[in-house]
Amino acid sequence: MNISNSQEHYNEFFETFFNYGWSIHSQKIYELDNKQVIGSEFLLRVGDEDNYLDNSVFFPKICEDSRYLSVSKEVLNLVKIRFIHNPEIFFEKTFINISPNEIRSEAILLLLQELGELFEESNKTLVIELSEIFTREDFVELKTSLDKLNSSFVELAIDDYGRGLIDHKSYKSLNLSYLKLDKSVSNRMQSNEGLINVIIKFCKQYEILCIAEGIESPESENTVLNQGIPLGQGFYFHKPELFIKP
């Protein structure tokens with residue numbers, strides 16, 4: 001897809017966001033052994049309740065469109081305002097997905113730092129989920145910005161691990177708190193047992209909590225538990241619920 005066609009394809013997303021509305025949904029994340037909620041992930045829904053756009057059609061590539069920074073600023077500012085007025089409605093840990101392109105933006109970085117400080121003041125934690133859609137070339141450049149985040153009151157997670165190009169060993173320099181396995185990895189654990197064992201060993205060595213995404217049945221929950229993964233999320237536990245609407 002060339003640039004002009006990409007922009008035309010994404011126009012539907014931006015026009016819907018700014019003209020027809022959007023909302024933030026929340027999906028809980030659980031400790032698998034005792035079913036305790038440790039936090040929730042914020043999910044962007046664009047459109048109205050009866051006709052949300054299909055995120056899979058646009059993400060993750062839409063994050064590379066420069067116009068998406070305006071979307072990010074609006075979303076983060078709303079989260080900031082709601083937290084200032086109603087911190088009690090937020091879970092102990094709030095996970096927000098951020099793309100590499102957003103991390104490069106000084107304005108977005110500043111908003112994340114401000115949010116992190118607000119959360120810390122209320123004894124809560126903001127967790128930045130960095131989508132694993134960056135290249136090896138991006139990685140060195142991103143680390144400088146991520147170091148700034150780590151110096152503030154923000155925890156860091158890698159999202160969708162297993163889809164990208166970066167080996168998990170490279171992440172030991174990022175001071176990660178969480179590594180989230182992509183749904184495609186979580187759902188094929190038995191056929192990827194060797195890889196899973198290596199990842200779990202790595203997480204234990206560097207005190208990183210592993211989260212399995214896409215748990216949608218008792219069978220997949222049992223598989224994840226048997227692999228020794230402590231945290232999980234998915235439709236089997238909790239379907240995303242409306243949390244914030246402008």
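This is a dialogue on how to read some features of a predicted model.

Student: Where should I begin with a pair of helices, and how do the axes of α3 and α5 cross?

Tutor: Begin with the angle between the axes. Helix α3 covers residues 68-85 and helix α5 covers residues 106-121. Their axes come within 10 Å and cross at roughly 15 degrees. Angles under 35 degrees count as roughly parallel, so α3 is roughly parallel to α5.

Student: Is the crossing of α3 and α5 left-handed or right-handed?

Tutor: The crossing of these two helices is left-handed.

Student: Which residues of α3 and α5 make the contact?

Tutor: On the α3 side, the contact is made by Leu 69, Ser 72, Lys 73, Leu 76, Asn 77, Val 79, Lys 80, Phe 83 and Ile 84. On the α5 side, Ala 107, Ile 108, Leu 111, Leu 112, Glu 114, Leu 115, Leu 118 and Phe 119 take part. Sorted by class, the contact has 12 nonpolar, 2 polar and 3 charged residues.

Student: How do I read the buried side of a helix, and which residues of α9 are buried?

Tutor: The general idea comes from the helical turn. An α-helix has 3.6 residues a turn, so residues three or four places apart point the same way. Now take helix α9, residues 218-226. Its buried residues are Ser 220, Glu 221, Thr 223 and Val 224. They lie on the same side of α9, because they cover an arc of only 160 degrees around the axis.

Student: What does the face of α9 turned away from its buried side carry?

Tutor: That face carries the exposed residues Glu 219 and Asn 226. As for the buried residues of α9, what covers them includes β8, residues 209-212.

Student: What follows α9?

Tutor: Gly 228 follows α9, and its phi is positive, near 85 degrees.

Student: Which residue other than glycine has a positive phi near 60 degrees?

Tutor: Asn 123 is one of them, with phi near 60 degrees. Asn 123 sits in the loop between α5 and β5, the latter being residues 125-131. Its relative accessible area is 70%. The cut-off for exposed is over 50%, so Asn 123 is exposed.

Asp 160 is not a glycine either, and its phi is positive, about 60 degrees. Asp 160 is placed in strand β6, residues 154-161.

Student: Is Asp 160 buried or exposed?

Tutor: Compare its value with the cut-off. Buried means under 20% relative accessible area. Asp 160 has 15% relative accessibility, so Asp 160 counts as buried.

Student: What should I look for in a peptide bond, and what is the one from Phe 59 to Pro 60?

Tutor: Look at omega. The peptide bond from Phe 59 to Pro 60 is cis, with omega near 5 degrees. Pro 60 belongs to the loop between α2, residues 55-58, and α3.

Student: Where is Ser 184?

Tutor: Ser 184 is in helix α7, residues 183-186. Ser 184 is partly exposed, at 28% relative accessible area. From Ser 184 to Tyr 161 there are 23 residues in sequence and 9.4 Å in space, C-alpha to C-alpha.

Student: Which residues does Phe 237 touch?

Tutor: Leaving out residues up to four places away in sequence, Phe 237 touches Tyr 30, Leu 32, Lys 35, Ile 215, Glu 221 and Gly 232. One of these, Glu 221, is also among the buried residues of α9. Phe 237 itself is in the loop between β9, residues 231-232, and β10, residues 241-244. Phe 237 counts as buried, at 17% relative accessibility. Phe 237 and Gln 36 are 201 residues apart in sequence, with 11 Å between their C-alpha atoms.

Methods
Residues numbered from 1 in each chain as written. Predicted model: local features only at pLDDT ≥ 70, side-chain atom pairs only at ≥ 80, totals over all residues. Heavy atoms only, no water. Axes fitted to C-alpha atoms, helices over the stretch in contact; angles between N-to-C directions. Helix = DSSP H or I, 4+ residues; strand = E, 2+ residues; numbered from the N terminus. Parallel < 35°, antiparallel > 145°, perpendicular 65-115°, else oblique. Left-handed = near helix turned anticlockwise from the far one by under 90°. Contact = heavy atoms within 4.5 Å. Nonpolar A, V, L, I, M, F, W, Y, C, P; charged D, E, K, R; others polar. Buried < 20%, exposed > 50% of the residue type's maximum accessible area, 1.4 Å probe, protein only. Arc of directions from axis to C-beta.
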